[in-house]
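Please look through the sequence and the structure shown below. The paragraphs after them go from the chain as a whole to the packing of its helices, and then to some individual residues.

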Amino acid sequence: MRHNVELPELDRYRDYLRGHLRDHHFPQLSDNKFIEARVEDAYDRFITERLQGRGVSVATELSYRTLLDGFYVSPYDIVYSVLEENLWTRLPEWSWPSMADHLVTLPSVKEILDRYGVNGDFLSRENHRPMLTELLGVISEILDGYEL
């Protein structure tokens, strides 16, 4: 359902989604059509849930799930967690965000992420631990090459 009026709720969804996409380095941040479609879907879900008798807090929670569906964790998040949890003694904390940005662009890292099918819902998969172990090995080799 397209809404012809701007509602404060739409701004709240829009701001939340843009912040989430930015903070987790999803490329859809620059895709205004994607963002507007998600905002509309989330608002429609909220209205539908309220019309079905659900309380405001439940309807809100379900609408935010619609807003973020498939965009909970990014490749950047996965690589950043490897740096933070396993390589914190090799790299200063201030370098983790830029290093994670750099590493996700490298073919060897992208190949692992693609092979394991990393997408926004990846955390629920059983192959998470083996993928992290493989990433740790590849990232360690890359850092060795950089003499870090």
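Read from one end of the sequence to the other, the protein chain follows the pattern α-α-α-α-α-α-α. In this predicted model, the count is 7 helices and 0 strands. The radius of gyration of the protein chain is 19 Å, whereas the globule rule gives 15 Å for 148 residues; the value is well over the rule, so the chain is more spread out than a compact globule. Taken along the principal axes, the box filled by the C-alpha atoms is roughly 60 × 30 × 25 Å. Of the 148 residues, 41% count as buried. Among contacts between residues at least 6 apart in sequence, 63% join residues at least 24 apart.

The next step is to see how the helices pack. Two packed helices are described by the angle between their axes and the distance between the axes.

Begin with helix α1 (residues 8-23) and helix α3 (residues 56-68), which pack at an angle of about 45° with their axes 11 Å apart. That angle makes α1 oblique to α3. The crossing of these two helices is right-handed. On the α1 side, the residues that meet α3 are Arg-12, Tyr-13, Tyr-16, Leu-17 and His-20. On the α3 side, their partners are Ser-63, Tyr-64, Leu-67 and Leu-68. Sorted by class, this contact has 6 nonpolar, 2 polar and 1 charged residues.

From α4, the contact takes in Ile-78, Val-79, Ser-81, Val-82, Leu-83 and Asn-86. From α7, it takes in His-128, Met-131, Leu-132, Leu-135, Leu-136 and Ile-139. The residues of the contact of α4 with α7 divide into 9 nonpolar, 3 polar and no charged.

Helix α7 also packs with helix α6 (residues 107-115), at an angle of about 175° and with the axes 10 Å apart. What does that angle say about how α6 and α7 run relative to each other? Angles over 145 degrees count as roughly antiparallel, so α6 and α7 are roughly antiparallel to each other. The α6 residues in this contact are Ser-108, Val-109, Ile-112, Leu-113 and Arg-115. Those of α7 are Met-131, Glu-134, Leu-135, Val-138, Ile-139 and Ile-142. By class, the contact of α6 with α7 has 8 nonpolar, 1 polar and 2 charged residues. Met-131, Leu-135 and Ile-139 of α7 take part in the contact with α4 and also in the contact with α6.

Some single residues can now be placed against this background. Pro-130 lies in helix α7. With a relative accessible area of 41%, Pro-130 is partly exposed. Pro-130 and Tyr-116 are 14 residues apart in sequence, and their C-alpha atoms are 9.3 Å apart in space.

Ser-57 belongs to helix α3. Is Ser-57 buried or exposed? Its relative accessibility is 60%, so Ser-57 counts as exposed. From Ser-57 to Glu-147 the separation is 90 residues in sequence and 51 Å in space, C-alpha to C-alpha.

Two loop residues complete the picture. His-25 is found in the loop between α1 and α2 (32-51). Most residues other than glycine have a negative phi. In His-25, phi is near 60°, a positive value in a residue other than glycine. At 33% relative accessibility, His-25 counts as partly exposed.

Tyr-72 sits in the loop between α3 and α4. Its relative accessible area is 38%, so Tyr-72 is partly exposed. Which residues does Tyr-72 contact, leaving aside its neighbours within four places in sequence? They are His-20, His-24, Phe-26, Arg-65, Asp-77, Gly-120 and Asp-121. One of them, His-20, is also among the α1 residues that meet α3. Tyr-72 and Ser-95 are 23 residues apart in sequence and 23 Å apart in space, C-alpha to C-alpha.

How values were computed. Residues are numbered from 1 along each chain as its sequence is written. This is a predicted model: local features need pLDDT of at least 70, side-chain atom pairs count only at pLDDT 80 or more; totals for chains, interfaces and linings use all residues. Side-chain values use heavy atoms; hydrogens and water are left out. Axes are lines fitted to C-alpha atoms, for helices over the stretch in contact, and angles run from 0 to 180 degrees between N-to-C directions. Helices (H or I, at least four residues) and strands (E, at least two) are DSSP runs, numbered from the N terminus. Angles under 35 degrees count as roughly parallel, over 145 as roughly antiparallel, 65 to 115 as roughly perpendicular and the rest as oblique. A crossing is left-handed if the near helix is turned anticlockwise from the far one by less than a right angle, and right-handed if clockwise. Contact means heavy atoms within 4.5 Å. Ala, Val, Leu, Ile, Met, Phe, Trp, Tyr, Cys and Pro count as nonpolar, Asp, Glu, Lys and Arg as charged, and the others, Gly among them, as polar. The radius of gyration is taken over C-alpha atoms; the globule rule is 2.2 Å times the number of residues to the power 0.38. Buried means under 20% relative accessible area, exposed over 50%, partly exposed in between (1.4 Å probe, protein chains only).
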